[in-house]
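Please take a moment to look over the sequence and the structure below, and then follow the paragraphs that guide you through some of its parts.

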Amino acid sequence: MNRYLLPGGVFLLLVIVLYIGIQRAPQKTVIPSALLGKPAPQFTLPVLGRNESFSSTSLAGRWHAINVWGTWCPECRVEHDMLLRIADSGELPLIGFNWKDDDAAALDWLAQLGNPYSVVVADREGRAAINWGVYGAPETFLINDRGIVVHKHVGAMTQEVWEREFRARLPRTAALPGALK
Amino acid sequence: MIAELGHFALILALLAAVMQAAFGLIGPAVDKPALTAVVRPATSAQFVLVTISLGALVWAFVQNDFSVEYVASNSNSALPLLYRVSAVWGAHEGSLLLWAWILAGWTLAVSWRSGGLPEGFAARVLGILGLVSIGFLLFTLATSNPFARLEPAVPDGRDLNPLLQDPALAAHPPMLYAGYVGLSVAFAFACAAMIEGRLDQTWARWTRPWTTVAWAFLTVGIALGSWWAYYELGWGGYWFWDPVENASFMPWLIATALIHSLAVTEKRGLFKSWTLLLAILAFSLSLLGTFLVRSGVLVSVHSFAADPARGMFILIFLVMIIGGALTLYAWRAPLLRSEAGFEFTSRESFLLFNNILLVVAAAVIFAGTMAPLISDALGLGTLSVGRQYFDPVFLLPTLPLLALAAVGLHSGWKRGRVSDRRAAILWTLLAAVLVTLLLVLGVWEGAKILTPVGFALGVWLILSSLVDPIDRWRRKLTLTPALLGMALAHASLGVFVVSITAVETYTRERDLALAVGEAGQVGEFEYRLTGLSGVEGPNYDALRGEVVVTEGGKPVGVLYPEKRNYWVQRQVMTEAGIDMQWTRDVFVALGEDLGAGRWSVRAQVRPLINYVWFAAVLMALGGIWAACDRRYRREPRA
Amino acid sequence: MMRWARGFLAGVVVLVLSGSALAIDPIELADPALQERYRELTHELRCMQCQNQSIADSPVGLAGDLRREVRELLEAGKTDAEIREHLRARYGDFILFRPVFNWRNAWLWVTPVILLLLGLAVAMRVIRQRARLAATDTSSPDDPVA
């Protein structure tokens with residue numbers, strides 16, 4: 001007798017799993033970063049539009065965010081205004097990471113739309129991006145003052161994301177060590 | 001206007017389905033023939049109404065009515081007529097309407113061809129099918145209405161996805177759905193039997209042909225999809241263990257087990273609960289497949305636009321239908337035990353192993369497909385499962401299955417008498433080994449470990465399938481369609497195994513960087529790029545390459561791979577140039593502009609690949625041939 | 001949150017469907033042994049953007065970058081395991097098509113074996129029962145059964 005109930009039991013388990021799957025479906029597309037809790041990869045890249053390079057070692061001791069973007073990426077356009085607002089608030093310095101883009105187009109974009117970044121580096125070939133596990137723009141990494149990656153957000157930055165995922169993680173000190181400009 | 005008519009017809013169809021289900025199930029329950037008699041007219045009405053509805057949608061596409069949102073999203077005035085029609089089932093809403101129409105069609109067929117069944121039983125079968133129809137029609141009307149209007153109407157549509165603008169892919173969903181839906185007939189037969197608490201050999205004889213035909217459609221549908229992927233997706237692959245591919249393959253495996261289980265039930269009244277369970281399982285997997293593709297639960301190349309709300313609806317439907325069936329099963333199946341026996345080497349025994357191995361294979365694919373979902377649901381993180389997992393774990397139950405099939409084809413019912421057939425078994429095996437050695441050592445080079453195994457099993461299966469028919473022919477016994485169809489189907493499976501082994505082992509592939517006038521070598525074949533020109537199609541413009549292929553100096557042909565740019569959706573698609581021969585395909589596709597006048601070109605030589613799909617079609621034909629046997633059409637002696 | 005996720009998914013889906021444009025990679029390594037390893041590795045690594053394709057088959061820029069990374073690591077003399085680990089450390093387990101055998105997904109690899117053994121056990125039990133019945137049953141298989 002009992003074995004005839006077995007198929008029903010298995011089916012019930014399956015339904016539960018599928019139900020949970022539906023609930024979690026909106027988050028399905030995001031792969032968690034392999035870097036969380038680990039030291040941020042170091043990089044030395046040319047500064048966009050200038051004849052110098054920037055090394056990530058100069059970010060040591062400060063909370064900052066690295067924002068991966070490109071002019072070819074529509075979602076980056078969507079988040080741009082939010083980034084400007086974050087920059088204006090002065091709460092967190094933004095480092096722009098121009099990924100696989102054209103320098104002239106990128107400079108044009110920033111000139112026209114505004115520049116929220118303290119500094120913009122250009123990874124034209126995508127080598128450094130691989131070290132960061134970047135797979136689609138826009139992506140934004142939050143790094144703490146000890147150089148550890150504490151959070152990664154894939155997709156456009158919005159007010160909600162900023163409040164819940166970034167701002168909530170920042171330390172409560174009144175002002176962060178100053179702007180990098 | 002026409003769209004509203006279509007919408008209205010669909011609502012009426014839902015009402016007809018409700019009548020069909022209600023009268024079909026209540027009539028026999030209260031034993032009132034007057035009520036039961038409403039079922040058949042309700043069935044016919046549902047079919048006519050769904051046809052009107054589908055017709056209205058087809059009309060909207062053909063007439064370029066872009067005020068209908070679904071048409072605007074999936075069509076364009078520049079789209080050729082054939083694709084304007086096939087665009088009807090090119091996306092979620094329309095494909096559901098196609099499902100509903102095919103379901104109504106199968107139900108009507110059952111209604112027409114059930115004259116030999118007891119009226120109460122037939123009514124119950126139609127009633128259950130009515131319940132399924134209700135589910136799909138309600139789902140369509142409530143969450144996926146294809147007739148929704150777009151305000152304001154757009155002047156032109158967003159065009160059909162260029163990937164779908166292809167004749168094979170136009171035919172693929174109807175074939176596939178015919179298969180899925182056909183399995184609901186087996187399901188309905190099973191439920192009706194459980195409701196009545198009776199399941200005998202006559203029941204099995206009724207159910208078998210319907211199930212076999214459904215299985216045949218499913219076989220062709222899957223083969224079409226695979227063939228299309230091969231020549232359209234541009235890199236020569238034909239099976240990716242993609243979740244949606246798996247969603248069609250699992251019901252196929254279970255349907256195969258089901259038709260074999262039905263054979264045992266028909267012949268010896270055994271495996272009754274197995275057969276019931278397999279019938280429920282086959283249909284469940286069809287429904288589950290529908291769920292997976294449309295709910296956003298799994299990311300796949302094939303996914304329709306994902307919507308968790310739709311996923312919820314299908315899940316509830318799944319719970320009701322399958323939960324109901326499994327409850328019936330737990331209640332009734334214990335009554336069905338038969339006390340017949342069979343020996344260890346009997347045909348029943350082989351078929352039992354057959355069924356178990358097929359179920360294990362389906363379960364393994366299920367586990368792999370659902371693994372990312374389960375892992376995520378249990379908080380174990382994201383899991384990735386690809387062909388490196390599926391290939392070996394699928395072969396685990398399948399290789400023994402093929403060997404058992406080759407031997408089992410010789411076995412007799414109940415007593416087995418395999419020792420009597422020892423000679424036949426041994427010489428077929430020997431011949432298979434010889435052919436294998438010939439192929440592996442003589443014809444081609446570069447065998448891998450599983451290559452001789454695959455060849456040997458395939459050839460053994462082909463030869464084993466032919467032994468019985470030839471023996472009967474020599475003894476001047478009748479060769480029924482059932483027997484010949486079965487022989488053809490099993491032999492085709494052998495052909496399939498041989499060709500897949502050849503393709504997987506001996507495919508040669510290279511990516512070449514060529515400028516016009518340059519050539520590259522792949523084994524004995526030389527590919528020379530002799531020209532690049534711009535051409536224009538009805539809704540695209542393309543760069544067409546001209547590649548002259550020679551084999552050891554002898555001309556093979558000129559191939560024209562294209563890189564098409566579809567205007568409306570602004571997608572770039574690769575059309576491969578293929579020289580199709582029975583012995584091998586020569587495959588060439590254009591890649592990227594490498595600059596300095598050079599282009600990357602993928603060149604492949606794929607031996608025996610056309611037999612893969614040819615075998616699948618032959619297998620399906622074998623099934624249909626067997627289903628046409630007169631014994632399924634004779635009137636039962638009550 | 002859900003809106004952008006759906007949009008993103010739709011974008012990924014469109015990107016994937018449109019990715020029938022070929023990933024063709026005519027760059028071959030000079031050493032045929034390295035070239036063979038390169039082929040194997042690139043078929044084993046998932047393109048993170050078009051998530052159901054390997055980096056060998058995916059046409060997107062990221063796949064090309066990852067292929068380049070694999071090439072450079074091969075030429076630097078790294079082993080296959082080191083290369084896989086290098087990418088896994090940056091992208092997580094998801095980048096490997098063959099799931100790494102660890103305690104978290106051991107169940108995935110063990111399940112097929114267990115299912116097979118279970119199935120065979122069931123089959124043997126049923127056959128033994130039925131064979132016992134057949135020993136005492138003298139009727140012919142063609143006799144109609146209830």
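Which residue in strand 10 of chain B is the bridge partner of B:Leu512? In strand 10 of chain B, that partner is B:Val601. Before going further, note that this is a predicted model, in which local features need pLDDT of at least 70 and side-chain atom pairs count only at pLDDT 80 or more, while totals for chains, interfaces and linings use all residues. Residues are numbered from 1 along each chain as its sequence is written, and chains are lettered from A and ligands numbered from 1 in the order in which they are written.

Strand 10 of chain B, which covers residues 598–607, pairs in the antiparallel sense with strand 1 (residues 508–515) of chain B over eight bridges, and also with strand 9 (residues 584–595) of chain B, again antiparallel, over nine bridges. Strands here are DSSP runs of E with at least two residues, helices are runs of H or I with at least four residues, and both are numbered from the N terminus; two strands pair if DSSP finds at least two bridges between them.

Turning to chain A, we find five helices and seven strands, which follow one another along the sequence in the pattern α-β-β-β-α-β-α-β-α-β-β-α. The radius of gyration of chain A, taken over C-alpha atoms, is 20 Å, well over the 16 Å that the globule rule (2.2 Å times the number of residues to the power 0.38) gives for 181 residues, so chain A is more spread out than a compact globule. Its C-alpha trace spans about 80 × 40 × 30 Å along the principal axes, and buried residues make up 37% of the 181 residues in chain A.

Five strands of chain A form an open sheet with mixed pairing, in the order 5-4-3-6-7. Its edge strands are strand 5 (119–123) and strand 7 (149–154) of chain A, each of which pairs on one side only. Within chain A, strand 3 (residues 64–69) and strand 4 (residues 94–99) pair in the parallel sense over five bridges, and A:Ile66 stands opposite A:Ile95 in strand 4 of chain A.

Note on methods. Buried ≥ 20, exposed ≤ 12 C-beta atoms within 10 Å, placed from the backbone.
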